[in-house]
Amino acid sequence: MAKKILRINMTSLKAVYEDVPERWSRWAGRGLTSAITCEEVDPLCHPLGPNNKLIIAPGWVTGSPAAPSSGRTSFGGKSPLTGGIKESNAGGLSGQMIAKLGLAAIVVEGTPAKGKWYTLVVSKDGVKFEDASDLLGKGMYEVDELLWKKYPKTAVIGIGQAGEMKLSNAGISVNDPENKPGRYAGRGGMGAVMGSRGVKAMVIVDAGGPGVEISNQDLFKQGRKKLTESIQEHGLTKKGGGLNSFGTAVLVNILNEAGGLPTRNFSAGQFEGATKISGEAMAEVCEKRGGEGTMGHGCHPGCIIKCSNIYPNESGEAIVSCIEYETTWAMGANCGIDNLDFIAQMTRECNDIGLDTIEAGNAVAVAMEGGLLPFGDAEGALKTFDEIRKGTPLGRILGQGVEATAKAFGVSRVPVVKHQSMPAYEPRAVKGIGVTYATTPMGADHTAGYTIAPEIAGVSGKLDPLSDEGKAELSLTFQAATAFIDSTGYCLFIAFPILDIAKGWEGMAESVSGVTGLNITGADVIPIGKEILKMERLFNEKAGFTAEDDRPPEFMREESLPPHNVKWSITNEQLDSVYAWVHNGEPA
Amino acid sequence: MINVNVSLYGSLARFGGGRHVAQINVELEANSGKLDLLTHLSIPEKERGYLFINAVLCEVPGIRTGANEPLHNGDHIGIFSVDRLYPYQYRDGLPISEGLKKTLEKHGVMHHSYGK
């Protein structure tokens with residue numbers, strides 16, 4: 001059975017199933033959300049107005065039987081934070097269930113009558129529009145719990161109070177296997193887009209769905225086997241490897257040792273308290289306190305990497321799942337806070353209110369620089385989340401993200417690109433990532449240019465990492481590879497085994513081909529990724545973005561970053577060369 | 001004599017009395033270098049991954065530079081076990097030692113698993 005697009009109109013409260021048009025049939029995940037956004041969303045529309053849409057799409061292999069670590073769901077549309085195109089993806093339960101319903105995408109459009117809020121229950125029988133007034137004002141922990149009482153073992157997609165207030169830092173929550181709201185399509189304010197459609201929550205009931213059709217079983221099984229084996233063999237992704245043992249926060253100490261851990265609102269590259277907020281420290285806390293605390297937690301069924309964690313309180317009861325690298329950095333080093341218990345509580349607040357932890361932590365750090373609180377004031381930082389939950393004027397400023405907070409507090413060190421705040425890698429120390437921050441259509445985003453080794457992609461990588469040459473070409477390759485992986489439904493962390501182990505690379509391409517019937521090989525990855533980037537880039541141009549938006553913030557050219565005492569040195573011409581191919585006739 | 005501060009991460013923490021992370025001060029003869037410190041700590045070579053001296057990358061997993069970068073009083077050295085996550089794009093542009101630079105020029109482009 002061919003996949004369908006489910007179009008939900010919140011003005012008429014009607015839902016229809018449509019065939020996937022031929023021109024979109026080769027897309028899934030990010031490729032599909034971006035294709036639909038480009039075609040159906042006016043780039044000049046107000047992101048919270050009636051002409052924006054929320055597009056939800058699982059990846060190519062998501063929901064296929066036992067494709068390893070393949071539970072991602074892409075959420076796309078025009079971003080209230082950046083004003084450009086946005087794709088933000090999450091783990092959790094939703095992707096596999098949407099795919100098992102035979103859906104290529106769900107398009108949520110229109111706006112209901114003023115003051116009306118709905119829970120959309122999506123099942124094999126269609127869509128039920130349930131009055132959500134009983135859920136209004138509630139955080140996501142309670143929303144997930146209430147909806148599972150009525151619809152147990154379902155996927156719950158929802159927004160907290162931040163999304164209801166349509167704050168630019170509102171994310172979209174997806175529940176995890178324990179029905180906790182820790183999986184976020186956090187970046188870019190897509191929770192506000194969902195809120196502006198009048199949707200408080202979506203329940204995905206996959207029972208009785210047709211499942212995911214496999215075009216070529218033998219090829220799929222062959223690819224799945226190769227990919228699974230490579231994940232299980234690789235030192236970073238295997239059981240007991242770096243990610244499984246210490247989570248993504250395994251990066252804290254290494255970036256700190258490298259002088260690339262942004263500290264106290266990007267004023268230094270090393271934090272004296274880094275070891276206390278690292279993945280190693282989390283593992284020690286989990287072992288000491290026991291109870292529900294654990295590393296090696298999986299965020300969705302079928303994950304074999306399991307880089308999530310459940311952080312416990314002193315009694316061993318779960319505070320939150322999970323504390324990611326970017327989260328412990330944003331709430332920790334960047335705010336001068338070295339207390340994991342407070343970081344865990346702030347993370348829980350973000351998960352409940354519905355906030356992106358990167359933007360939220362950065363906003364607190366900017367407010368600290370502006371004098372609201374001293375750096376290191378963990379109790380004060382935690383209280384700021386009450387302000388957002390209650391929607392006080394201060395809370396609404398913080399909830400709008402870094403740029404609004406900087407304006408409100410008169411701060412000029414504003415770590416944003418395209419209005420979105422930077423993640424946990426200092427571009428002055430680690431220049432390669434800075435090119436990606438500056439040029440990706442998504443705004444400053446570490447996942448927009450994910451790992452791909454230069455020789456694998458056929459790029460003549462520079463041996464001298466101190467040189468600024470070659471970084472534009474490398475960044476484009478990274479960005480294209482990421483756009484492809486974001487379309488597969490696989491977790492980005494498969495990047496390590498597929499790049500280091502030849503059969504993993506083959507396995508990814510074969511499993512995608514096996515499911516879809518598309519003839520995709522490893523050689524197609526970068527060209528397909530570039531096609532997606534071109535769509536996104538052109539959308540942004542129509543939305544008014546120019547080359548001047550592909551720039552790091554001014555202070556990075558003016559201020560030297562300790563300990564290396566380096567400034568941003570890559571020229572604007574080099575940055576402009578990353579996407580020059582879009583208009584020079586070069587094929588993707 | 002010189003005193004250096006050493007952070008040991010992952011399974012290497014046991015060489016400093018820790019579980020997953022340890023920080024110790026080590027006294028070495030004057031004019032000692034990186035290799036002298038590693039000998040002093042008795043860390044098996046196959047367990048060593050990334051190594052930084054004062055935020056400069058000097059060693060990567062699977063490749064031994066053989067360089068004996070000099071250490072000075074008050075230096076900080078961070079040593080990671082081999083299972084560290086450190087994606088390429090997060091080290092592209094990072095300061096690295098002359099010894100590592102020369103080794104990488106012979107070995108080829110940077111990769112996740114240098115031994116492959």
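Me: Where does Ser94(A) sit in chain A?
Reply: This is a predicted model. In it, Ser94(A) is in helix α2 of chain A, residues 94–100.

Me: Buried or exposed, that Ser94(A)?
Reply: Buried. Its relative accessible area is 0%, and the cut-off for buried is under 20%.

Me: What does Ser94(A) touch, leaving out residues up to four places away in sequence?
Reply: Thr73(A), Ala155(A), Ile157(A) and Val174(A).

Me: Switching to salt bridges. How many over all chains?
Reply: A search of the whole structure gives 41. One joins the side chains of Arg23(A) and Glu39(A), at 2.4 Å, N to O. Arg23(A) is in the loop between β2 and α1 of chain A and Glu39(A) is in helix α1, so the pair ties together parts 16 residues apart in sequence.

Me: And what about Glu531(A) and Arg26(A)?
Reply: Their side chains form a salt bridge too, at 2.9 Å, N to O. Glu531(A) is in helix α20 and Arg26(A) in the loop between β2 and α1, so this pair ties together parts 505 residues apart in sequence.

Me: Chain B now. Which residues of helix α1 are buried there?
Reply: Lys34(B), Leu37(B), Leu38(B) and Leu41(B). Seen down the axis of α1(B), they fall within an arc of 100°, so they line one face of the helix.

Me: What do they pack against?
Reply: Strands β1, β2, β3, β4 and β5 of chain B.

Me: Last one: where does pLDDT stay under 50 in chain A?
Reply: Over residues 455–466. The mean for chain A is 93.

Note on methods
Residues are numbered from 1 along each chain as its sequence is written. Chains are lettered from A and ligands numbered from 1 in the order in which they are written. This is a predicted model: local features need pLDDT of at least 70, side-chain atom pairs count only at pLDDT 80 or more; totals for chains, interfaces and linings use all residues. Side-chain values use heavy atoms; hydrogens and water are left out. Helices (H or I, at least four residues) and strands (E, at least two) are DSSP runs, numbered from the N terminus. Buried means under 20% relative accessible area, exposed over 50%, partly exposed in between (1.4 Å probe, protein chains only). Contact means heavy atoms within 4.5 Å. The arc is that of the directions from the helix axis to the C-beta atoms. pLDDT is the predictor's confidence in each residue, from 0 to 100. A salt bridge is a side-chain nitrogen of Lys or Arg within 4 Å of a carboxyl oxygen of Asp or Glu.
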